[in-house]
Amino acid sequence: MDLIYIILIAIGVLIVLILAGLAVVNFSADDLIDRFNQTSKYETSISPIEFAHSISSKFFKNSIKLEFTNNKLGDCFSSNGVLVLCTQYAHVNQLAGLAICAHELGHAFQFYFEKARMKKYVRKVKWSKFLSKLITPLLLGGLIFLILGQLVVSLCIFAVTVAIFILAVAVKMSTIKIEKEASLKALELLQEFTYLSEDELKIAKDFLDSAKLTYIADLLKIMLKWTGFTKK
């Protein structure tokens, strides 16, 4: 096969992968918001902040610190024991906000009772984010050297790119596993300490499951930010 055909095929494959990645990056968040709005239609007997205080008192000796953000779906739990809840629904008795709070409390259990594992994971995430930024430039550099006829150099660059990509995927798989564990713990907490019905628990589970695609989108966003077509 002529070199020109190899180059055209490589460029075509790269374009398809970029378009597919952009679709995931740009639409996964919208899908999650739609699911959030649907899940918010269900009322609960307890608000996220009341639930957080209850779990903090029962399992963490009231050591969890609460902070607030105006960012919708910007809830998080940090390694220093701070639970951040969105002011829009922190005090509202709705299922979506309660499920998110329970998920973040699931992370609290991980950080408090699996400290060594979570410290190692946080380090891997930081390295993965840094190295992931190099993937697209390396791919483009490899293609340039291939066009220039520097086959050995381009193959070496592609090999490094593949290695970084595999590492990034491995870390992202770890993220998905950790997020899944947090969601499982969240459902346990909701089942044991709230008055949700089986149907409501299923709805909460479906909502938490819908967030998984956004974890993949985070990785792709880092890789494709250079295109200028990723949503902020």
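Me: A salt bridge here is a side-chain nitrogen of Lys or Arg within 4 Å of a carboxyl oxygen of Asp or Glu. Which residues are linked in a network of salt bridges?

Reply: Glu 114, Arg 117 and Glu 181 are. A quick word on the model: it is predicted, with local features needing pLDDT of at least 70 and side-chain atom pairs counting only at pLDDT 80 or more, while totals for chains, interfaces and linings use all residues. Residues are numbered from 1 along each chain as its sequence is written, and side-chain values use heavy atoms, with hydrogens and water left out.

Me: What makes the contact between Glu 114 and Arg 117 a salt bridge?

Reply: Their side chains meet at 2.9 Å, N to O, and the limit is 4 Å, so the pair qualifies. Side chains of opposite charge can pair when their charged atoms come close.

Me: Why are Glu 114 and Arg 117 called partly exposed?

Reply: Buried means under 20% relative accessible area, exposed means over 50%, and partly exposed is what lies in between (1.4 Å probe, protein chains only). Glu 114 has 31% and Arg 117 has 28%, so both fall in the middle class.

Me: How many salt bridges does a search of the whole structure find?

Reply: Six. One of them joins Glu 188 and Lys 185, with the closest N and O atoms 3.6 Å apart. Another joins Asp 206 and Lys 202, at 3.2 Å.

Me: Why are Glu 188 and Lys 185 about one helical turn apart?

Reply: Because they are three residues apart in helix α6 (residues 151–193). Helices here are DSSP runs of H or I with at least four residues, strands are runs of E with at least two, and both are numbered from the N terminus. Asp 206 and Lys 202 are also separated by about one turn, being four residues apart in helix α7 (residues 198–209).

Me: How do you know which class Lys 202 belongs to?

Reply: Its relative accessible area is 51%, so Lys 202 is exposed.

Me: Why is Glu 179 called buried?

Reply: Its relative accessibility is 13%, so it lands in the buried class. Glu 179 sits in helix α6. Across the protein chain, 42% of the 232 residues count as buried.

Me: Why do β1 and β2 stand at the edges?

Reply: The open sheet has three strands in the order β1-β3-β2, with mixed pairing. β1 (65–69) and β2 (76–77) each have a single partner strand, so one side of each is left without a neighbour in the sheet.

Note on methods:
Two strands pair if DSSP finds at least two bridges between them.
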